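Subject: Structure for you to look at

Hello,

Here is the structure I said I would pass on. Please open it alongside this message.

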Protein chains: 2
Amino acid sequence: MSATLPSAVDAFTAALGADKVITEPEALREWRDPFQHESSDDYAASAVLMPTTVEEIQAILAIANEQRVPLWTHGQGRNNGYGGPAPRVSGSVIVSLRNMNRVLEINEELGYAVVEPGVRWFDLYEAIQAGGHKLSVSIPDLGWGSVVGNTLDHGMSYMPYGVDQQAQCGMEVVLADGTVMRTGMGAMEGNRAWHCYKRGLGPTPDQMFMQSNFGIVTKMGYWLMPEPEIYMPLWLRAPNDDDLGPLVDTLRRLMLDGTIRMVPQIGNVVGAASVMSKRTDWWDGDGAIPEVTLQRMADELGCGRWTMRFALYGDEAVVDHRFAKIKDAFETAIPGGAVWGTKHGPEAWPTLDAHEQVQAGIPNLGINAMTAWYGGEEGGHVGFSPVAPLTGRDALAVRDLMRPMMEEAGLDYFAGICPINGRSFAHVTLILFDLKDRAQSERAYALSRRLVEEAGRRGYGEYRAHIDFMDLASDQYGFNDHAYRRFNERIKDALDPNGILSPGKSGIWPAHMREDAGAR
Amino acid sequence: MSATLPSAVDAFTAALGADKVITEPEALREWRDPFQHESSDDYAASAVLMPTTVEEIQAILAIANEQRVPLWTHGQGRNNGYGGPAPRVSGSVIVSLRNMNRVLEINEELGYAVVEPGVRWFDLYEAIQAGGHKLSVSIPDLGWGSVVGNTLDHGMSYMPYGVDQQAQCGMEVVLADGTVMRTGMGAMEGNRAWHCYKRGLGPTPDQMFMQSNFGIVTKMGYWLMPEPEIYMPLWLRAPNDDDLGPLVDTLRRLMLDGTIRMVPQIGNVVGAASVMSKRTDWWDGDGAIPEVTLQRMADELGCGRWTMRFALYGDEAVVDHRFAKIKDAFETAIPGGAVWGTKHGPEAWPTLDAHEQVQAGIPNLGINAMTAWYGGEEGGHVGFSPVAPLTGRDALAVRDLMRPMMEEAGLDYFAGICPINGRSFAHVTLILFDLKDRAQSERAYALSRRLVEEAGRRGYGEYRAHIDFMDLASDQYGFNDHAYRRFNERIKDALDPNGILSPGKSGIWPAHMREDAGAR
């Protein structure tokens with residue numbers, strides 16, 4: 001690989017032009033995992049390519065196939081907490097699609113947008129506003145990421161179409177051999193239902209291109225919801241740590257019966273405190289914040305031990321009925337708990353706070369402040385995110401698994417429980433650390449690996465994995481001698497025999513890298 | 001193939017026992033397309049195998065691989081209108097999973113069932129009732145089919161989980177080489193979120209096993225909805241043929257804003273008349289029923305030119321608000337139109353009529369009567385079902401394409417327009433004919449093929465295709481020199497190199513049958 005790279009760079013430069021090829025060591029630093037310790041040289045790219053067209057992607061693939069260059073693709077590279085823009089295999093050439101950033105269509109009548117992979121949430125929102133469309137886009141917490149990139153990594157978003165991550169419809173993919181394929185109804189020339197119906201005639205491959213390395217997605221449909229008459233952001237406060245059980249059981253019933261139709265976020269006291277205060281306001285001793293201090297934070301900040309952010313959308317009469325039902329259900333189930341919120345018409349949404357804007361589809365970066373818990377502007381964090389059934393028993397079991405392990409490593413338990421639907425949640429754990437504290441950083445990474453194994457032992461698997469433990473997370477999915485991984489390997493070998501596309505993504509390796517585990 | 005079959009049958013019999021192997025010509029007639037003319041010997045199976053376990057399926061696959069026997073799998077074989085149980089390739093051995101019919105789990109708390117492929121809608125409903133579960137199952141029009149089979153063929157169902165065909169979650173699949181794989185969270189041993197979260201870590205293959213020939217599904221999760229407080233079946237009548245335009249545009253707005261959350265069915269006057277009367281009550285002349293008679297039928301039966309069957313589910317206050325909104329919207333958009341319905345609590349649902357039971361998840365066969373339009377108990381029919389964007393323009397365009405072509409062939413235009421979501425509909429056309437009238441049957445099949453081509457020329461593709469024109473329907477999906485089909489062929493060759501699983505399904509052929517189109 002290192003021997004072939006100079007000639008590959010020459011070929012890439014000839015094909016794309018020098019302005020689309022980055023190789024200077026200083027410039028390449030921007031493309032590393034932002035939370036990696038400075039002295040580490042893991043996961044470093046050898047070059048970055050910035051194509052702007054499908055034809056340029058095809059040219060890159062031709063060269064990579066000829067010279068056996070491993071590529072690593074992203075939309076914006078904002079997969080922070082899971083490796084950011086950095087490749088799994090050091091020395092890979094990053095294909096950054098940041099400059100393929102056109103909003104190709106916004107269809108007001110049928111409620112969808114078609115975007116290229118470099119389009120950010122900010123860009124899509126602005127295009128909707130600029131066109132005067134009365135449509136809302138379900139977004140994640142931070143607006144700087146790519147619509148396509150987040151969707152392809154199973155990223156969460158919070159409005160009604162965030163339930164079951166259902167907003168994607170129809171895509172164009174470039175396969176490793178350069179073939180341009182369109183999925184669903186798009187497989188028929190001139191079919192205007194491409195972004196309206198999720199399937200086609202025959203098998204539906206869209207989700208095979210998510211969290212995988214089977215192709216490069218170059219266009220994607222994303223559904224937009226008509227602006228509701230009323231958006232009512234809601235908050236719930238639960239005073240005690242064990243209230244999590246009845247909170248989750250009540251929530252499941254209200255999601256299954258359709259009363260709540262969006263993706264709530266249940267944060268613990270550390271999460272709430274991280275946006276309302278500084279860690280040093282509460283604790284400057286060694287190790288994790290002790291229990292007695294956590295309860296004091298909950299009481300003094302008035303946020304309780306658990307805070308749920310959620311919302312209602314719709315006609316005012318329906319919102320009123322549902323709010324009364326929700327308030328009664330939670331306040332009955334959780335003694336001392338409280339539910340509150342305010343109704344707003346569309347004109348007021350941009351005036352709301354960062355959390356409430358996120359649930360209204362208005363992108364911002366306000367919530368990123370929470371990563372600075374241990375100091376600095378943006379703190380390091382690793383995401384550890386197991387999935388579990390949406391029951392109070394499972395929520396308490398996951399808490400009781402993670403909290404002691406995190407505290408034993410001297411780190412605060414920082415939890416954001418996100419019900420992806422009425423039947424399951426992802427326990428998104430931000431393992432925060434101070435980037436300047438090398439020992440703490442190393443403890444955080446080591447802890448993450450232990451958590452993956454311990455969770456796996458109890459039947460909880462990750463919904464998304466950091467590049468540093470992708471293989472370990474994938475190892476946990478071992479049913480029938482890793483039948484699922486062997487299936488993926490067969491698909492990989494059939495579609496990408498030279499193994500050039502994102503080797504190692506989600507633990508899927510091409511044949512020549514499987515033989516010698518040391519080559520990883 | 002014919003040379004190897006006797007030894008294959010011996011091997012199947014040795015592996016399964018003689019009682020699970022059917023080869024008598026008379027018994028095999030039951031496994032033909034029920035709407036095929038008696039004198040035709042197309043699409044005939046050479047044997048039927050009825051395994052009851054995964055191990056028996058593995059034994060069948062081992063023999064089929066060794067002896068290169070083409071198999072054709074179904075759950076119940078009730079794919080009527082699309083070929084029924086019959087294989088695409090004559091001489092195939094049918095693997096009927098009718099006797100793999102256990103309901104493996106009903107989870108009341110998390111709202112799902114796990115079923116084997118032979119479980120019928122009748123069986124699942126009965127199991128729910130027998131367990132006293134307050135759960136509803138979204139079902140298709142006829143209760144005799146397989147839950148798994150209907151789902152794998154992209155079949156529609158009508159309750160809220162029928163929207164986007166979203167009820168399936170998690171499956172077990174036996175691949176062609178006998179490997180047992182579990183998808184999603186099921187890829188992890190002991191993971192209880194298998195039927196709660198639709199994805200896993202890495203790509204999600206579930207929909208690759210639908211309308212394809214990549215594996216045999218042996219277990220599947222299917223979501224069940226908590227019984228709503230109120231079910232309100234609704235009916236809409238539109239007096240004029242062109243009312244279809246404003247009907248569909250109004251419906252789209254009410255589906256996109258969440259007011260209607262289920263799959264409606266919009267039938268034309270022939271559809272309504274077929275359950276309320278006999279064709280001979282109206283017309284005994286040659287050819288299709290003329291326009292003037294159609295309008296007389298609409299007026300005298302009081303069903304209008306278009307009838308929509310739909311429903312509301314939920315808390316009474318929400319249902320009341322929505323009913324008033326719906327009634328106002330349609331009656332304003334359609335002069336002379338009417339919307340009506342009655343609210344019912346769960347105890348009343350079994351007393352409703354066949355249509356209203358279907359929307360409440362109570363399986364029956366009442367609607368099958370409509371196939372007898374040209375006489376007999378059950379008439380022949382071919383399903384032709386193009387997908388289009390959910391706009392009034394497209395609904396009228398599809399009608400104006402199909403009706404003249406059907407009438408030219410001397411057949412009545414019989415339409416059931418089903419919005420699969422708020423953005424698209426499948427125009428399910430029943431091309432009905434009298435099985436005893438050979439000339440009419442042949443005209444119906446010939447017409448179907450012409451419709452596939454004409455619809456494809458206008459950018460409308462089929463959501464599901466009859467075995468008689470699967471290749472033709474697949475041909476319409478020709479973007480970039482059939483990139484999608486070539487993708488499927490690569491997957492097919494990787495997973496099933498001997499091409500034993502359902503060759504030809506959805507136009508996907510194994511390598512040795514692609515070379516020589518004549519072998520099809």
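This is a predicted model: local features need pLDDT of at least 70, side-chain atom pairs count only at pLDDT 80 or more; totals for chains, interfaces and linings use all residues.

**The interface between chains A and B**

The contact involves 94 residues of chain B and 94 residues of chain A. The area buried between the two chains comes to about 8,300 Å², and carbon and sulfur atoms give 57% of it. Three residues, Leu201(B), Arg423(B) and Phe479(B), supply 12% of the area that chain B buries against chain A, which is more than any other three residues.

On the polar side, 46 residue pairs are in polar contact between chain B and chain A, counting pairs with both residues at pLDDT 80 or more. Helix H14 of chain B, residues 479-495, gives the largest share of the side of chain B that touches chain A, with eleven residues. By type, that side of chain B divides into 42 nonpolar, 30 polar and 22 charged residues.

Ten salt bridges are counted between chain B and chain A. One salt bridge pairs the side chains of Arg252(A) and Glu109(B), at 3.9 Å from N to O. Another pairing, Arg192(A) with Asp394(B), has an N to O distance of 2.5 Å.

**Asp315(A)**

What does Asp315(A) touch, apart from residues up to four places away in sequence? The list is Glu229(A), His321(B) and Lys325(B). The side chain of Asp315(A) makes a polar contact of 2.9 Å with that of His321(B), and a polar contact of 2.7 Å with that of Lys325(B). Asp315(A) itself is in the loop between strand E14 (306-314) and helix H9 (316-333) of chain A. With a relative accessible area of 18%, Asp315(A) counts as buried, because the limit for that class is under 20%.

**Salt bridges within a chain**

Over all chains, the structure holds 74 salt bridges. In chain A, Lys505(A) forms a salt bridge with Asp153(A), and their closest N and O atoms are 2.8 Å apart. Lys505(A) is in the loop between helix H14 (479-495) and helix H15 (511-514) of chain A, and Asp153(A) is in the loop between helix H5 (147-152) and strand E8 (168-174) of chain A, so the pair ties together parts that are 352 residues apart in sequence. Both Lys505(A) and Asp153(A) are buried.

In chain B, the salt bridge between Arg399(B) and Asp241(B) has its closest N and O atoms 3.1 Å apart. Arg399(B) is part of helix H11 of chain B and Asp241(B) lies in the loop between strand E12 (230-238) and helix H6 (244-256) of chain B, so this pair ties together parts 158 residues apart in sequence. Arg399(B) and Asp241(B) are buried. In chain A, salt bridges with shared partners link Asp241(A), Asp242(A), Glu291(A), Arg305(A), Arg399(A), Asp400(A), Arg403(A) and Glu407(A) into one network.

**The nonpolar core**

The largest nonpolar core has 288 residues, and the members that touch the most others are Phe310(A), Phe330(A), Phe310(B) and Phe330(B). Leaving out neighbours within four places in sequence, Phe310(B) has contacts that include Met232(B), Trp235(B), Ile260(B), Met262(B), Phe330(B) and Gln359(B).

**Two positive phi angles**

Asp164(A) is not a glycine, yet has a positive phi of about 60 degrees. Asp164(A) is in the loop between H5 and E8 of chain A, and is buried at 13% relative accessibility. Ser506(B), also not a glycine, has a positive phi of about 55 degrees. Ser506(B) lies in the loop between H14 and helix H15 (511-514) of chain B, and is buried, with a relative accessible area of 8%.

Regards

Technical notes: Residues are numbered from 1 along each chain as its sequence is written. Chains are lettered from A and ligands numbered from 1 in the order in which they are written. Side-chain values use heavy atoms; hydrogens and water are left out. Contact means heavy atoms within 4.5 Å. Buried area is the accessible area (1.4 Å probe) that two parts lose on being put together, summed over both. A salt bridge is a side-chain nitrogen of Lys or Arg within 4 Å of a carboxyl oxygen of Asp or Glu. A polar contact is a pair of N or O atoms within 3.5 Å; within protein, one must be able to donate a hydrogen and the other to accept it, and residues adjacent in sequence count only if both atoms are side-chain atoms. Helices (H or I, at least four residues) and strands (E, at least two) are DSSP runs, numbered from the N terminus. Ala, Val, Leu, Ile, Met, Phe, Trp, Tyr, Cys and Pro count as nonpolar, Asp, Glu, Lys and Arg as charged, and the others, Gly among them, as polar. A nonpolar core is a set of buried Ala, Val, Leu, Ile, Met, Phe, Trp, Tyr and Cys residues joined through side-chain atoms within 4.5 Å. Buried means under 20% relative accessible area, exposed over 50%, partly exposed in between (1.4 Å probe, protein chains only).
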